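Here is a friendly briefing to keep beside you while you look through the sequence and the model.

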Amino acid sequence: MDAVAEIKSRINIEDVVSEYVQLKRSGRNFKGLSPFTNEKSPSFMVSPEKQIWHDFSSGKGGDIFSFIQEVEGLDFKGALELLARKAGVDLDDFRTKNNSESSQKNFKDRLYRAIETAVSYYQVQLTKNTTALKYLREKRAFEKQTLIDFRFGYSPESGTALYNFLISRGFTNEELLKAGLVTKRGLELRDMFRGRIMIPLLDAQGRPVGFTARQLKDNNNSPKYINTPATILYDKGRQVFGLSQAKEAIRKSGFVVVVEGNLDVVASHQAGIKQVVASAGTALTTYHLKSLQRFTGDVRLCFDEDRAGQEALERSIPLAQSLGIELGIISIPSGKDPDELIRKDSKSWQKIIEQSQYMVDWMIEKVASNEDLTTAQGKRQFSAKVMALVKLLKDPIEQEHYLKLIAKRTNTSYETIKEKFQQSAGNANKYLRKIKNKVNEPSNVLEQRIREQHLLAMGMKTEEVGKLLVGLPLDVFSDESRETASYIQQHPGVSPIESEYAKMLTLLFEEYYQHTALDELVYQAKMLLARLVAEYAKDKKKTLASELSTTEDGNQKTILLAIKQLDDLVSQFSKHN
């Protein structure tokens with residue numbers, strides 16, 4: 001996978017575009033007002049499925065890179081660097097001397113093998129360390145089979161034990177550094193993890209891609225938990241701990257529970273409650289939620305009741321709403337960690353996770369407990385905070401329900417609350433990023449681009465229209481569309497494979513023409529074709545007329561013949577009508 005593909009796999013186009021354009025769901029796509037024209041009715045479309053955008057008012061469109069180039073005024077390299085930073089992709093990892101796709105794959109395979117070998121090594125070391133085993137078996141009450149299933153291990157304290165072992169197995173310094181297994185201090189390479197309980201982190205296919213490591217001996221000068229640093233294989237913002245082991249249970253139960261601690265997951269699985277995962281020591285992200293959404297739309301969070309845990313819950317709510325996920329909140333009455341409750345009474349844990357509170361109701365209760373609703377200030381702050389969440393709800397009936405609840409809790413009329421809500425919703429776009437490259441194009445350029453896109457969209461999806469283009473000079477079309485036009489002339493009614501431009505035309509066809517009768521499509525295509533050829537001929541004849549006034553007599557016949565051929569071309573395609 002190259003850098004472009006890696007970035008696209010990590011970033012959703014709708015998330016990036018929504019930083020610049022206020023988008024609203026429209027069927028499978030998103031729609032908003034064009035950032036490039038002054039349109040009043042939204043015609044700017046984003047397709048999450050195709051990962052493309054298209055602005056019908058200006059004819060512009062493409063993938064995530066072309067969008068950033070347009071709005072930020074960057075060339076492709078600048079857009080690549082900006083999106084790489086946003087995606088957490090290190091471009092240096094793709095700038096090797098031999099950067100072919102096969103060499104990249106081979107290099108990643110070597111990293112997978114290095115981490116797999118490290119997992120096996122740490123497992124063996126655990127069997128040799130009685131202190132680590134005692135901690136896991138007695139203090140954490142993990143059974144032997146649980147330690148085997150989750151592949152627990154132990155990293156020796158020496159500082160170079162793993163490094164020496166992997167070098168002896170034929171791995172290189174570069175491979176170990178890129179896999180996050182060792183770290184460089186000065187000129188010396190040392191093990192990344194020392195004296196810690198090791199828990200492998202697996203990708204969606206169940207392959208180890210890194211580790212979470214817990215202190216065995218208390219040390220206030222060192223964090224209790226550390227994870228593998230970001231690598232080609234491991235990205236903490238995308239890692240869902242326990243998902244590969246939990247996915248079948250999630251499908252069967254219809255919901256998933258997300259906890260903070262990886263060991264909470266292990267304890268729950270051991271108790272037979274396996275639809276439980278963790279966000280691998282980081283705040284819940286859009287990528288975490290999308291990974292879970294593949295298996296269920298019912299996500300239930302059980303985070304600590306401290307300030308950090310509650311803030312993490314609040315940050316998750318708008319993310320879940322934007323994805324259409326039903327988010328529930330699980331509260332443990334005793335204030336204990338899930339691990340503690342599970343060890344004491346696993347049946348209570350099972351009961352609690354089945355009785356989650358809908359996130360909006362949870363948020364309302366939390367905000368209400370922190371505000372004095374007998375005062376004007378308290379009512380204002382309460383209503384503002386809850387309205388910000390209600391704005392994210394997609395169902396108007398659900399919105400009305402909570403607006404009435406706000407009115408009731410603040411002892412205010414529903415009409416007043418609704419008016420404030422509508423005012424705040426109208427101001428939502430003031431937080432959008434500024435478009436840095438808004439260029440006013442000549443109207444003839446814009447109109448020509450739109451004409452050819454509509455014509456090619458119909459020709460790509462309808463054989464009868466595609467055949468109308470056969471014999472048409474390719475220079476009638478702009479540079480960006482010429483390759484697609486050539487393909488349609490050779491394959492009428494067939495879409496070019498793996499073409500971003502073709503994907504954009506497909507989106508256009510689906511939006512405007514998919515329910516149009518064939519005879520009407522052919523009629524509209526003929527009209528567009530005649531206008532396209534007429535404008536092409538007019539521009540060409542203007543250039544030829546200028547040449548005619550300055551050319552020598554010997555060349556005048558050639559120019560006049562060219563003008564005659566243009567007239568014949570216009571006549572030929574106007575007869576289609």
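The charged end of which residue sits over the ring of tyrosine 112? That residue is arginine 207, whose charged end lies 4.1 Å from the centre of the ring. This is a predicted model, where local features need pLDDT of at least 70, side-chain atom pairs count only at pLDDT 80 or more, and totals for chains, interfaces and linings use all residues. Residues are numbered from 1 along each chain as its sequence is written, and side-chain values use heavy atoms, with hydrogens and water left out.

**Charges and rings**

- A charge sits over a ring if NZ of Lys or CZ of Arg is within 6 Å of the ring centre and within 35 degrees of the ring normal.
- Arginine 300 also places its charged end over a ring, that of phenylalanine 255, at 3.8 Å from the centre.

**Aromatic pairs**

- Searching the whole structure gives 15 aromatic pairs; rings of Phe, Tyr and Trp (its six-membered ring) pair if their centres lie within 6.5 Å, and planes under 30 degrees apart count as stacked, over 60 as edge-to-face and the rest as tilted.
- Tyrosine 122 and phenylalanine 211 have ring centres 5.2 Å apart and planes at 85°, so this pair is edge-to-face.
- Because tyrosine 122 belongs to helix α5 (residues 101-128) and phenylalanine 211 to strand β10 (residues 208-215), the pair ties together parts that are 89 residues apart in sequence. Helices (H or I, at least four residues) and strands (E, at least two) are DSSP runs, numbered from the N terminus.
- Tyrosine 122 and phenylalanine 211 are both buried, where buried means under 20% relative accessible area, exposed over 50%, and partly exposed in between (1.4 Å probe, protein chains only).
- One aromatic cluster is formed by Tyr20, Phe36, Phe44, Trp53 and Phe67.

**A pair of helices**

- Helix α17 (residues 376-390) and helix α18 (residues 396-410) have axes that come within 10 Å and cross at roughly 170°. Axes are lines fitted to C-alpha atoms, for helices over the stretch in contact, and angles run from 0 to 180 degrees between N-to-C directions.
- That crossing makes α17 roughly antiparallel to α18; angles under 35 degrees count as roughly parallel, over 145 as roughly antiparallel, 65 to 115 as roughly perpendicular and the rest as oblique.
- On the α17 side the contact (heavy atoms within 4.5 Å) involves Lys379, Phe382, Ser383, Val386, Met387 and Val390, while α18 supplies Gln399, Tyr402, Leu403, Ile406, Arg409 and Thr410.

**Positive phi values**

- Most residues other than glycine have a negative phi, and most peptide bonds are trans.
- Alanine 141, although not a glycine, has a positive phi of about 60°. The loop between α6 (130-139) and α7 (144-149) holds alanine 141, which is partly exposed at a relative accessible area of 31%.
- Arginine 151 likewise has a positive phi, near 55°. Its place is the loop between α7 and β6 (153-155), and arginine 151 is partly exposed, with a relative accessible area of 23%.

**Two residues to look up**

- Arginine 449, in helix α20 (residues 443-461), counts as buried at 12% relative accessibility.
- Leaving aside neighbours within four places in sequence, arginine 449 is in contact with Ser58, Gly59, Lys60, Glu441 and Glu480.
- Serine 26 is in strand β1 (residues 24-26) and is partly exposed, with a relative accessible area of 29%.
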